[in-house]
Amino acid sequence: MVYDYLVIAAGAESNTPGLPGADAGAFTFRSPVQAERIQTELDRLLLEQGRVRIVLAGGGTEGVEVGGEIADRIDSRGRGKDLEEGEVSVSIIEGQPRLLPCFPSGVGEFAGQYLKGRGVTVLTGERIAALEPGQVTLQSGRSLRSDLLIWTGGIRPSALIRNLSLAKDRNGWLLVDEMLRCRDDARIFGVGDAVSIRGPEGTVPVSRLAYHALDQAAVAGGNIASAVAGGEMQKYRPRQRRQLISLGRNMGISATAEGFVTGAWVVGLKKAVERAHLLGYLGRPLVNGILSRIPGAGILDRLRSNSGRGGVSRD
Ligand SMILES: Cc1cc2nc3c(=O)[nH]c(=O)nc-3n(C[C@H](O)[C@H](O)[C@H](O)COP(=O)(O)OP(=O)(O)OC[C@H]3O[C@@H](n4cnc5c(N)ncnc54)[C@H](O)[C@@H]3O)c2cc1C
């Protein structure tokens with residue numbers, strides 16, 4: 001396919017640490033399809049087996065969210081008592097000294113206490129060193145029986161990015177400048193989880209999160225339109241927002257770099273945000289269709305682009 005401009009938004013994939021058997025013997029959790037596969041296997045195990053041992057490799061946002069969801073599922077399958085009594089076990093293994101290591105201290109402790117209260121075992125300062133069918137061995141030498149192993153231990157560049165002969169950072173992420181253009185070819189733009197943004201002062205610190213990917217998509221789209229029209233390009237500036245973390249249906253954490261608050265309302269808010277995004281997407285063609293029929297509606301776009309919204313700066 002020939003292109004004048006190309007946008008690479010190929011995301012990331014689960015990072016399984018190259019342990020023999022890691023890919024074959026474990027479930028990953030990056031898409032709704034993978035989530036369904038985990039749920040089907042979990043339901044099968046809860047139905048067919050008395051003792052069930054579930055191991056989550058990684059205690060970051062994914063690990064604690066999946067841990068909370070699995071505890072809910074065990075409950076809804078009528079095995080909540082077995083989780084309390086250890087007949088069913090859920091263990092989260094985290095290499096760092098605390099869960100949610102990227103958040104202010106206290107966030108991980110809160111998540112750990114809450115999940116332990118639901119019968120989840122939390123092992124911090126431990127890494128998986130070896131895998132055999134049905135068994136996980138930790139670096140400390142401790143081994144855990146495992147009927148279901150789920151990698152929630154971070155991400156790495158997707159296969160597409162790994163195989164691209166474009167400039168990448170030392171971790172293999174696609175290098176783009178502040179206009180989100182690839183270093184090697186200004187007609188290629190990169191956005192989202194796949195990229196590492198480099199500015200005159202060095203790497204622009206930005207987490208791999210959906211709302212940053214959306215802001216970057218808006219900037220890249222605008223810059224391509226400017227390139228076509230011979231206009232001025234915009235620099236991308238990350239906008240920090242609260243991160244909403246669910247620990248199952250009844251508890252969540254709303255965290256910023258400064259601190260955090262907790263409550264069941266966080267889970268409701270997270271769902272509302274997800275639905276609003278989905279509706280925004282599904283509704284956009286309809287709204288654009290209506291707007292395009294209103295005389296002078298183009299003024300809105302011009303006002304919007306002149307106001308510097310969506311992570312944009314002109315400096
Ligand atoms: C469990 C989990 C929970 C999360 N929770 C949150 C949250 O609460 N808030 C938040 O802001 N972010 C959250 N994130 C992160 C968020 O999902 C990502 O930051 C966001 O999806 C990145 O968007 P993206 O478009 O860069 O990549 P993706 O959404 O991963 O999309 C990349 C797409 O490219 C496709 N692709 C890859 N290779 C090719 C190829 N060769 N050809 C064609 N297509 C290809 C993939 O199939 C995929 O559909 C979460 C992520 C996970 C896994």
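Let's start at the ligand: one of its oxygen atoms lies 2.8 Å from a polar side-chain atom of Asp 193, a polar contact in the sense of paired N or O atoms within 3.5 Å. The model is a predicted one, in which local features need pLDDT of at least 70 and side-chain atom pairs count only at pLDDT 80 or more, while totals for chains, interfaces and linings use all residues. Residues are numbered from 1 along each chain as its sequence is written, and side-chain values use heavy atoms, with hydrogens and water left out.

**Around the ligand**

- The side chain of Lys 270 also takes part, with an N or O atom 2.6 Å from an oxygen atom of the ligand.
- Leu 209 contributes through its backbone, where an N or O atom lies 3.4 Å from a ligand oxygen.
- On its own the ligand exposes 1,000 Å², and the protein buries 56% of that (Shrake-Rupley areas with a 1.4 Å probe).
- The ligand is surrounded by 16 residues, and the closest are Phe 29, Asp 193, Leu 209, Ala 210 and Lys 270; a residue is near when one of its heavy atoms lies within 4 Å.
- By type, this shell holds 8 nonpolar, 2 polar and 6 charged residues, where Asp, Glu, Lys and Arg count as charged, Ala, Val, Leu, Ile, Met, Phe, Trp, Tyr, Cys and Pro as nonpolar, and the others, Gly among them, as polar.
- Helix α7 gives the largest share of the shell, with 3 residues; helices are DSSP runs (H or I) of at least four residues, and strands (E) of at least two, numbered from the N terminus.

**Two residues to look at**

- Ser 158 sits in the loop between β11 (155-157) and α6 (159-162), and is buried at 8% relative accessible area (buried is under 20%, exposed over 50%, partly exposed in between; 1.4 Å probe, protein chains only).
- Beyond its neighbours within four places in sequence, Ser 158 is in contact with Ala 10, Gly 11, Ala 12 and Glu 13 (heavy atoms within 4.5 Å).
- Phe 110 belongs to helix α5 (residues 107-117) and is partly exposed, at 23% relative accessibility.
- Setting aside residues up to four places away in sequence, Phe 110 touches Leu 247, Met 251, Ile 253, Phe 260 and Thr 262.
- Phe 110 and Phe 260 are 150 residues apart in sequence, with their C-alpha atoms 10.0 Å apart.

**Confidence**

- The protein chain has a mean pLDDT of 90, with 92% of its residues at 70 or more (pLDDT is the predictor's per-residue confidence, from 0 to 100).
- Confidence is highest in strand β13 (residues 188-190), at a mean of 98, and lowest in strand β20 (residues 312-313), at 48.
- Over residues 308-315 the pLDDT is below 50, and this stretch has 21 contacts in the model beyond near neighbours in sequence.

How values were computed: Polar contact = N/O pair within 3.5 Å; in protein donor to acceptor, adjacent residues only side chain to side chain.
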